[in-house]
Amino acid sequence: MEIVYQIALSMIHGVGPRISKNLLQKFGTAQAVFDAKYHQLVQTEGIGEKTAKAILHTTALKKAEEQLNFIEKHKIEVLFYTDGQYPKRLRNCIDAPLILYYKGSADLNHKRVVGIVGTRNATTYGKGLCKDLLEGLREQNVLTVSGLAYGIDAIVHKESLNCDIPTVGVLGHGLDRIYPASHAELAKKMTKNGGLLTEYLPGTNPDRENFPKRNRIIAGMADAIVVVEASAKGGALITAEIANSYNRDIFAYPGRTTDEYSKGCNFLIKTNRAALIHQAKDLMYYMGWEGALNPEPVKQTVLNLNLSKEEQLIANALTEKTLSVDDLQVKLNLQQSKLAVQLLMLEMKGVIVSLPGKIYKLA
């Protein structure tokens with residue numbers, strides 16, 4: 001079975017995702033890699049004598065058969081990087097895992113995927129931000145991704161489930177266990193509306209070095225990464241840095257300069273690594289999602305007895321479409337200074353809102 005060879009290829013010491021893909025590009029299948037001769041292997045980019053010998057004399061095939069028995073018994077899906085169910089966003093990353101192990105119901109190629117990360121020491125402020133963010137994304141047809149760790153990660157998963165949003169936890173260990181153990185019940189619920197995903201074989205311990213590696217999967221799977229709370233150092237900033245290298249959109253909530261778990265977010269914003277957001281609508285706006293699923297009907301007119309004649313003209317003009325200040329000036333033939341005053345008054349009355357670039361629309 002090809003799947004046994006695929007699992008075995010991922011188990012050989014010194015053969016990581018990049019070298020594995022070089023081998024597959026040359027030989028076509030995982031089985032063909034194991035059937036290759038020594039001289040063929042050493043002619044492959046990244047393969048030296050030591051690695052070629054490791055492939056030829058490996059016991060990985062026998063171990064892979066044992067793993068497959070456990071995987072099939074526990075109904076774990078094996079996603080090879082060429083499979084259709086493998087996360088396509090992640091596949092395009094140069095260091096994407098060769099194989100992922102998955103247990104769940106969510107489509108990993110969901111239309112919109114948001115990775116949400118933060119400190120393990122979440123404050124009341126951070127918990128509230130998570131709750132508000134996910135409630136705001138409830139109708140936006142998103143999948144959330146985080147790391148099932150203590151703090152912000154667990155809150156993201158819990159609030160996603162509360163809002164009926166599918167949510168996937170990326171693990172730093174095998175699917176034969178849940179770490180931390182206190183999240184076992186949460187993980188069980190996630191498999192029914194979301195899932196659990198890892199690059200690690202069953203039996204792999206939650207070793208410290210696994211978690212920074214798992215962060216690249218969170219970053220690679222997502223369209224956007226949101227950092228809720230983070231200290232000056234930690235996994236959340238590592239995830240943001242990896243996401244930046246993958247050209248993902250990164251967002252962060254600001255906090256007080258004296259707050260320990262806002263220092264990381266403030267740093268990301270200050271160094272232009274992340275865009276500042278205050279609420280879900282900010283994320284939706286930046287990502288071009290606002291109103292995409294449930295557009296409001298076009299308003300034909302705005303009637304407000306508190307509007308002046310000029311204010312009513314502006315409001316009526318904006319019932320058709322959003323307009324820049326220059327477009328409004330031409331359309332209504334108003335002096336620039338007078339138009340600016342009327343726009344300000346309409347904003348204060350809550351009739352219109354301003355968008356970046358001096359563009360206005362009805363509220």
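Reader: What makes β3 and strand β7 (residues 224-227) a pair?

Author: Four bridges join β3 to β7, and the two run parallel. Two strands pair if DSSP finds at least two bridges between them, so four bridges qualify. In β7, I225 is the bridge partner of G115. Strands here are DSSP runs of E with at least two residues, helices are runs of H or I with at least four, and both are numbered from the N terminus. Bear in mind that this is a predicted model: local features need pLDDT of at least 70, side-chain atom pairs count only at pLDDT 80 or more, and totals for chains, interfaces and linings use all residues. Residues are numbered from 1 along each chain as its sequence is written, and side-chain values use heavy atoms, with hydrogens and water left out.

Reader: And what stands opposite G115 in β4?

Author: That's V145. Strand β4 (residues 142-146) pairs with β3 in the parallel sense, over four bridges.

Reader: How do you know that β3 is mostly covered?

Author: Six of the six residues in β3 (residues 112-117) are buried, meaning under 20% relative accessible area with a 1.4 Å probe, protein chains only; exposed is over 50%, and partly exposed is in between. R112, V114 and I116 are buried on one side, V113, G115 and V117 on the other.

Reader: Why is N141 called partly exposed?

Author: N141 has 36% relative accessibility, so it counts as partly exposed. Its phi is positive, about 55°, although N141 is not a glycine.

Reader: Why does N333 count as exposed, then?

Author: Because N333 has 69% relative accessibility. N333 lies in the loop between α16 (325-332) and α17 (336-348).
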